[in-house]
Amino acid sequence: MDTTNDSVVSEFVLIGLSNSWEMHLFLFWFFSVFYMGIILGNLFIVFTVITESHLHTPMYFLLANLSLLDLGLSSTTVPKTITNLFTNCKIISFPKCMIQIFFIHVMGGGQMVLLIAMAYDRYTAICKPLHYLTIMSPKMCVSFVVAAWIVGIIHAVSQFVFVINLPFCGPNEVDSFYCDFPWVMKLACVDTYKLEFVIIANSGFISMATFFSLIISYIFILVTVWKRSSGDLSKAFVTLSAHITVVILFFTPCMFLYVWPFPTTSLDKCLFIVDFAITPLLNPAIYTLRNKDMRVAMRRLSKRILGPSGISQ
C-alpha cells in the first residue's frame, strides 16, 4: 500500500474537554493562569540556580533541568489548548499534530531519566555522604542531562516512525485536547493492533517499570536511614517526600493511558491535565516550599530584581 497516496487527512479536529460555553470559559482562565504560573515558577527556579553560587550543586543542577523540561512539556500542549478555547477553533494541521506528539515524548522521556538521576543523587547524598561529591561530579551531572535528551529523542523516534507513515483517509476527530499516539492511531485506515503493542511496550511498561523502581529506591533510602539513625526518619522523609510526590504526579497519568490504551472514559483527559498543567506548576512549589536553601536564595534573588527602592516601597 502506498501510504503517501492514501494519507488524505491534512488536519485533525481536537474535540477537547467540553462543549459547554461556561466550561470553555472556565478552562480558558484555568489553563491561562496555570500556564503563566508554570512559566514564572520554573524560570525563576532556573535563574535562581544559575545566579546563586551556593546552589551550584548536583541536586539543584538537576532540579533546574527538570524545571526546563517541565516548561517544555507544558508548552507542547497548553498554549494550543488556550488558543483553541479562546477562538473556538479546534483544528490542528497534520504536521503540527505530529510535531506535538514528537515533543511530548521527547520531554516525557527526558523527565523519566532526570527523575531517576535525582533519585540516585538523593541515594548518594544520604547513603554515601563521604563519596557524594566524587560520585556526583559535574561530569556525571552533565552526563545525566545529556542522557535525558538522548533517551527522550530515542523514546519518541522509536514510536514516531511507525505513526508518521500510517494512512489517514477517514475520520479526523481526535478525542482529546491534544495529539498523542493512542488517539491518533485510532484514526488510521489500517489495523493498528501491532502498533498498539509497541506503544504499550515502549511508553506503558517503561513508565510502570520506572515508577516502581523509583518508589522502591526511595523506600530503600528510608530503610537505610532508619537503620543508621535508630528509627529517626523525620529529616530524610522531609527531603524525599517532595521527590516522591513529583514521581507519583508524573507517572500516574502515563501509566493510566499507555498501559491501558484507548480508554472509554474521560478520566484520561483529566489525568493529563495534571501532567501538562498542574504538575509543572506544583513542582516549583513542592521543591521550593520544602527546601530552606531554595527559599532563602529565591528571596535574595527577588530583592536583587526589585532593588532597594522596590523593597522599601
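Modeller: Gladly. The largest cavity has a volume of about 140 Å³. Among the 15 residues lining the largest cavity, those closest to its centre are I104, H105, G108, C254 and Y258. Before we go on, this is a predicted model, where local features need pLDDT of at least 70, side-chain atom pairs count only at pLDDT 80 or more, and totals for chains, interfaces and linings use all residues. Residues are numbered from 1 along each chain as its sequence is written, and side-chain values use heavy atoms, with hydrogens and water left out.

Colleague: What makes a space a cavity?

Modeller: On a 1 Å grid over the protein atoms alone, a cavity is a set of points where a 1.4 Å probe fits but cannot get out, and lining residues have an atom within 4 Å of a point. The volume is the space filled by probe spheres set on the points, which are joined across faces, edges and corners. Three cavities of 30 Å³ or more turn up in a search of the whole structure.

Colleague: Which elements give two or more residues to the lining of the largest cavity?

Modeller: They are α4 (94–127), α8 (193–228), α9 (234–259) and α10 (267–289). Helix α4 has the largest share, five residues. These names come from DSSP runs numbered from the N terminus: helices are H or I with at least four residues, strands are E with at least two. The protein comes to eleven helices and three strands.

Colleague: How is the lining of the largest cavity divided by class?

Modeller: It has eight nonpolar, six polar and one charged. Here Ala, Val, Leu, Ile, Met, Phe, Trp, Tyr, Cys and Pro count as nonpolar, Asp, Glu, Lys and Arg as charged, and the others, Gly among them, as polar.

Colleague: Why is E52 with R300 called a salt bridge?

Modeller: The term asks for a side-chain nitrogen of Lys or Arg within 4 Å of a carboxyl oxygen of Asp or Glu. The closest N and O atoms of E52 and R300 are 3.2 Å apart, so the pair qualifies. E52 lies in the loop between α2 and α3, and R300 in helix α11 (residues 292–312), so the pair ties together parts 248 residues apart in sequence.

Colleague: And what is the other pair?

Modeller: D121 with R122, whose closest N and O atoms are 2.8 Å apart. The search of the whole structure finds two salt bridges.

Colleague: What makes K96 exposed?

Modeller: K96, in helix α4, has a relative accessible area of 58%, so K96 is exposed.

Colleague: How do you know that F61 can belong to a nonpolar patch?

Modeller: Patches take residues with over 30% relative accessible area and no salt bridge; like charges are joined within 9 Å, and nonpolar side chains (Val, Leu, Ile, Met, Phe, Trp, Tyr) within 5 Å. F61 has 31% relative accessibility, so F61 passes the area cut-off. F61, V142, V146, I150 and I154 form the patch, with about 420 Å² of accessible area together. Such areas come from the Shrake-Rupley method with a 1.4 Å probe, and for residues only the protein chains shown count as cover. Helix α6 (residues 138–163) gives the most to the patch, four residues, whereas F61 lies in helix α3.

Key: 1 Å grid on protein atoms, 1.4 Å probe; cavity = no way out; pocket = protein on both sides within 12 Å on 5 of 7 lines; lining within 4 Å. Buried < 20%, exposed > 50% of the residue type's maximum accessible area, 1.4 Å probe, protein only.
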